[in-house]
Amino acid sequence: MTKQDIQDGKKIAELFAILSEENKNMAIVYLSALRDKELADSSKDNRQQKPLENQVFGALKKCQNKKEKVKKKNKTQAQLIEQFLIEFNISTYLFDFVNDWIEYKKEGGFVYKETGLKNLIIQISESAGKYGDKAVAAVIKESIASGYKGIVFDKLTKIKREAAPANNFNNFLQREYDYNELEQKLLSNN
């Protein structure tokens with residue numbers, strides 16, 4: 001064996017190490033067919049066999065490039081999640097529940113793209129600002145446990161009403177007022 005053969009063998013071994021089992025089997029079949037062709041054409045010139053070897057290396061490199069692209073996409077989505085969670089001020093408490101939801105969706109075969117992910121995190125952030133982190137976390141947990149396709153934000157209004165303090169005088173739920181709005185109405189009547 002020549003040094004070139006040894007180097008080629010090392011390249012093939014490196015490429016094989018990163019292939020999936022299915023791709024390894026395809027490459028083995030292809031290499032076997034290539035070897036059979038070489039044996040059949042052994043009387044032919046060595047220059048004609050080189051293009052076939054280059055095709056094998058080209059096919060193996062394509063498989064490697066596809067795997068690298070998939071890894072880059074996964075990193076990109078993780079980076080997007082982190083960026084949006086910071087940008088829209090999601091607390092560390094709620095961060096885990098958001099990640100659980102995204103993983104739950106992945107398990108079901110749905111992967112958020114950038115726009116959908118951004119809108120999801122905006123909606124979670126706004127709901128957390130209005131109802132609190134614990135209420136939003138409870139709704140996310142319930143949505144996952146129930147196998148829902150989406151987070152049921154409508155349940156937040158029910159949680160907030162249940163959490164409202166009772167009026168000690170007559171045991172009715174305490175009403176919440178927008179005092180700025182009431183002030184504007186009083187001023188406009190005068």
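Okay, housekeeping. Residues are numbered from 1 along each chain as its sequence is written, and side-chain values use heavy atoms, with hydrogens and water left out. Since we're looking at a prediction, local features need pLDDT of at least 70 and side-chain atom pairs count only at pLDDT 80 or more, while totals for chains, interfaces and linings use all residues.

So, the overall picture. We've got 8 helices and 0 strands, taking helices as DSSP runs of H or I with at least four residues, and strands as E runs of at least two, numbered from the N terminus. Of the 190 residues, 24% count as buried, meaning under 20% relative accessible area with a 1.4 Å probe, protein chains only. Among contacts (heavy atoms within 4.5 Å) with a separation of 6 or more, 60% join residues 24 or more positions apart.

Now to tyrosine 104, which sits in helix α4, residues 92–107. Its relative accessibility is 18%, so tyrosine 104 counts as buried.

And what does tyrosine 104 touch, leaving out residues up to four places away in sequence? That would be Ser143, Ile144, Gly147 and Tyr148. Take isoleucine 144: it's 40 residues from tyrosine 104 in sequence, yet their C-alphas are 6.9 Å apart.

The tyrosine 104 side chain comes to 3.2 Å from the backbone oxygen of glycine 147. A polar atom of that side chain also lies 2.8 Å from the backbone oxygen of tyrosine 148.

Note on methods
Buried means under 20% relative accessible area, exposed over 50%, partly exposed in between (1.4 Å probe, protein chains only). A polar contact is a pair of N or O atoms within 3.5 Å; within protein, one must be able to donate a hydrogen and the other to accept it, and residues adjacent in sequence count only if both atoms are side-chain atoms.
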